[in-house]
Amino acid sequence: MDNIFFESWTKVGHVALLTVISFVTLFLFIRISGKRTLAKFNAFDFVVTVTLGSVLAYMMLAQVSLTEGVVVLFLIISMQLLFAKLSRKSKVMEKLLNSSPKLLFYKGIYLESNMEKESVTKEEILASIRQKGIENIDEILAVVIEANGDLSVVKMYDETTTNSSLKGIKNHDIESFPENGEL
């Protein structure tokens with residue numbers, strides 16, 4: 001702990017050089033791997049993003065060698081791309097990696113059990129409605145918590161529409177929904 005503020009100019013130069021190399025390496029890997037690597041789609045993507053940041057920090061501070069850090073970055077991004085590909089091809093893998101959206105509010109009714117499972121309050125639902133610039137709650141058909149944790153607000157629509165964005169969202173809490181529990 002003797003060198004808490006300054007160790008040497010050599011160490012500062014070393015960290016600066018590693019920072020530049022690590023940053024450029026990560027940037028190149030992300031450009032090669034595509035936008036999905038930094039996307040906020042689900043919990044798995046979040047873990048990938050946090051892990052990339054951690055590895056980058058270790059590389060910059062020379063806590064792992066540059067080669068080790070590059071290998072770890074490559075493996076994390078490769079695994080993320082592999083799992084994304086597998087989830088597109090396999091329903092089982094998709095269910096393992098991705099949570100499904102869930103209704104929190106529907107036609108004026110707060111779905112308390114879903115809110116409890118997702119740890120969402122009425123105030124958070126109302127805030128998401130206000131953020132969409134909607135004052136009258138009667139204009140809202142539904143509020144859905146998406147797989148990435150975002151709250152989506154769906155306005156009322158023409159009853160004759162057959163192309164609802166809510167199709168496929170399961171809900172077993174309201175008896176008035178169709179028999180199969182889907183909208």
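**Exercise 1. Classify Phe 27: is this residue buried, partly exposed or exposed?**

Step 1: Phe 27 has 48% relative accessibility, so it counts as partly exposed. The cut-offs are under 20% relative accessible area for buried, over 50% for exposed, and partly exposed in between (1.4 Å probe, protein chains only).

Step 2: Now place it. Phe 27 sits in helix H1, residues 9-33. Helices here are DSSP runs of H or I with at least four residues, strands are E runs of at least two, and both are numbered from the N terminus.

A quick word on ground rules: this is a predicted model, where local features need pLDDT of at least 70, side-chain atom pairs count only at pLDDT 80 or more, and totals for chains, interfaces and linings use all residues. Residues are numbered from 1 along each chain as its sequence is written, and side-chain values use heavy atoms, with hydrogens and water left out.

**Exercise 2. Work out which residues Leu 141 is in contact with, beyond four places in sequence**.

Step 1: Leu 141 lies in strand E3, residues 140-145. With a relative accessible area of 1%, it is buried.

Step 2: Look for heavy atoms within 4.5 Å, which is what contact means. Skipping neighbours within four places, the list for Leu 141 includes Phe 105, Tyr 106, Val 154, Met 156 and Leu 166.

Step 3: Check one pair. Leu 141 and Met 156 are 15 residues apart in sequence, yet their C-alpha atoms are 4.6 Å apart.

**Exercise 3. Where does pLDDT stay under 50?**

Step 1: Start with the average: pLDDT, the predictor's confidence in each residue from 0 to 100, averages 83 over the protein chain, and 85% of the residues score at least 70.

Step 2: The stretch in question is residues 172-183, for which the model has 21 contacts beyond four places in sequence. Where pLDDT is low, the predicted coordinates should not be read in detail.
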